[in-house]
Amino acid sequence: MGVVSGHWPSESELDKIRKKVAELSGRDAQEVRVVVSPYRICPLGAHIDHQGGAVSAMTINKGILLGFVPSDDTQVTLQSGQFEGEVRLRIDEVQLPKHMSETNGLTEQMDSSTPQEECKWGNYARGAIYALQSKGNHLKTGITGFICGSEGLDSSGLSSSAAVGIAYLLAFETANGLVVSPTENIEYDRLIENEYLGLKNGILDQSAILLSSYGCLTFMNCKILCSLENSDNYRPHVQTIKHKLIHPPMVQNNHEGELGNAYKILLAFSGLKQALTTNPGYNRRVAECQEAAKILLQASGDEEMEPVLSNVKPEVFEAHKSILEVNLAKRAEHYFSENERVMKGLEAWASGNLKEFGELITASGLSSIQNYECGCEPLVQLYQVLLKAPGVLGTRFSGAGFRGCCIAFVEADKAEEAATFVVNEYSKLQPELASHLNQGPAVLICDASDSARVISNTFS
């Protein structure tokens with residue numbers, strides 16, 4: 001187990017990717033461009049996006065790097081730092097959603113000898129082409145590329161799938177001279193995940209990755225997506241989530257602001273790779289929130305409204321929560337209290353009050369455990385260890401809370417000490433799971449980052 005910190009992408013990481021792409025393409029390393037597509041965290045707003053709640057997000061200096069050069073023709077050739085094999089296709093091939101390809105006997109459009117692992121990791125590149133084609137973009141220039149994620153990092157709960165899709169979109173767009181806005185790319189990545197891959201998720205991750213700005217807290221209102229995401233005809237809104245960048249005091253256009261140097265972000269990994277089978281998981285919690293909303297809307301005479309908690313006024317919940325069975329009351333309590341924490345968190349961030357901001361994050365984590373009832377013993381233990389660590393301002397689970405990691409904001413000058421404390425204490429409580437972390441860091445010390453971008457041969 002180890003503790004890792006540092007800037008991302010580093011000069012050596014960029015040089016390594018450029019050198020790899022130069023070898024694959026036969027081109028000069030100076031011609032290689034690199035897409036930087038960061039992972040995101042959501043400090044506040046746990047488990048309420050699907051009910052139309054408010055969330056906060058920021059990107060971190062870990063994520064996906066995709067080095068590429070444009071091809072001389074339509075050929076796309078890709079290799080991965082994580083997966084075996086090589087993906088080869090033409091950028092002008094008509095891509096069909098997976099369910100349509102399977103119906104037509106064209107699953108992956110590769111021969112039967114292609115390794116399954118190769119097919120799977122190539123899906124996101126194919127999905128990006130599908131998304132761009134579906135909106136009428138004429139693609140004629142392929143790429144030779146090499147893609148990799150931050151080394152040794154279990155990206156569960158950090159939006160890795162959205163980061164990969166966005167990386168391919170930016171590479172294909174750059175190679176073909178397309179000028180695409182962040183709002184359009186949010187929709188394109190939605191097409192990759194919802195239509196091409198058939199996943200039922202929203203656009204929070206894409207929005208955070210494409211709209212964030214260094215040192216800012218990105219506020220997103222999910223209500224405009226809510227009725228669509230919970231309908232049988234699942235199709236999130238083509239526009240982006242309503243968002244606002246919350247600038248902290250003392251952080252100007254450079255990256256040297258006082259608040260920006262006051263904190264670090266810890267990612268503490270549990271070693272859990274799969275959700276525990278005894279935990280009923282994400283889908284049941286969503287259904288319980290909807291059932292609570294339905295009962296409360298009926299009680300207030302608004303039964304014609306979509307049964308999501310954002311349609312229930314806080315005073316209606318307070319007046320009628322006694323009619324809810326215990327589990328439903330807990331889910332609703334989490335929603336309303338978390339929505340309030342998000343709004344208070346925005347004020348704390350804007351005023352530079354990291355202490356209050358951290359306390360709200362910790363309260364979010366506690367409500368996730370007690371009211372939303374997500375998590376499992378190892379993650380709860382990791383959360384409790386982080387609370388005791390030197391300099392930790394606040395902590396909570398990242399993602400759904402059934403595997404993966406916890407995030408924490410920590411005073412910058414105590415980050416190393418806190419990370420070492422967590423590594424040592426968690427290994428005492430969960431020695432077997434901690435042993436699974438030997439191949440990578442148990443705790444990462446991270447900084448805030450910018451939105452996804454393409455960089456040239458000069459480091460920026």
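Me: In this predicted model, which residue forms a salt bridge with Glu 288?
Reply: In the predicted model, the closest N and O atoms of the pair are 2.6 Å apart. The pair links distant parts of the chain, since Glu 288 belongs to helix H8 (residues 281-299) and its partner to helix H10 (residues 326-351), 43 residues apart. Both members of the pair are buried, and the residue that meets Glu 288 in this salt bridge is Arg 331.

Me: Is Lys 321 buried, partly exposed or exposed?
Reply: The side chain of Lys 321 meets that of Glu 318 in a salt bridge, at 3.1 Å from N to O. The relative accessibility of Lys 321 is 31%, and buried would require under 20% while exposed would require over 50%.

Me: How does Glu 318 count, as buried, partly exposed or exposed?
Reply: Glu 318 has a relative accessible area of 49%, whereas the exposed class begins over 50% and the buried class lies under 20%. Because its value sits between those cut-offs, Glu 318 is partly exposed.

Me: Which residues are joined into one network with Arg 190 by salt bridges that share partners?
Reply: The structure holds 19 salt bridges, and the one between Arg 190 and Glu 187 has been described above. Through shared partners, salt bridges join Arg 190 into one network with Lys 135, Glu 187 and Glu 195.

Me: What is the separation between the C-alpha atoms of Val 454 and Ser 37?
Reply: Val 454 has its place in strand S13 (residues 453-455), and at 32% relative accessibility it counts as partly exposed. Leaving aside neighbours within four places in sequence, Val 454 is in contact with residues including Arg 33, Val 34 and Val 35. Ser 37 is 417 residues away from Val 454 along the chain, yet their C-alpha atoms are separated by 8.6 Å.

Me: What share of the contacts between residues at least 6 apart in sequence joins residues at least 24 apart?
Reply: The protein chain has 14 helices and 13 strands, and buried residues make up 55% of its 460 residues. Among contacts between residues at least 6 apart in sequence, the share that joins residues at least 24 apart is 76%.

How values were computed: Residues numbered from 1 in each chain as written. Predicted model: local features only at pLDDT ≥ 70, side-chain atom pairs only at ≥ 80, totals over all residues. Heavy atoms only, no water. Salt bridge = Lys/Arg side-chain N within 4 Å of Asp/Glu carboxyl O. Helix = DSSP H or I, 4+ residues; strand = E, 2+ residues; numbered from the N terminus. Buried < 20%, exposed > 50% of the residue type's maximum accessible area, 1.4 Å probe, protein only. Contact = heavy atoms within 4.5 Å.
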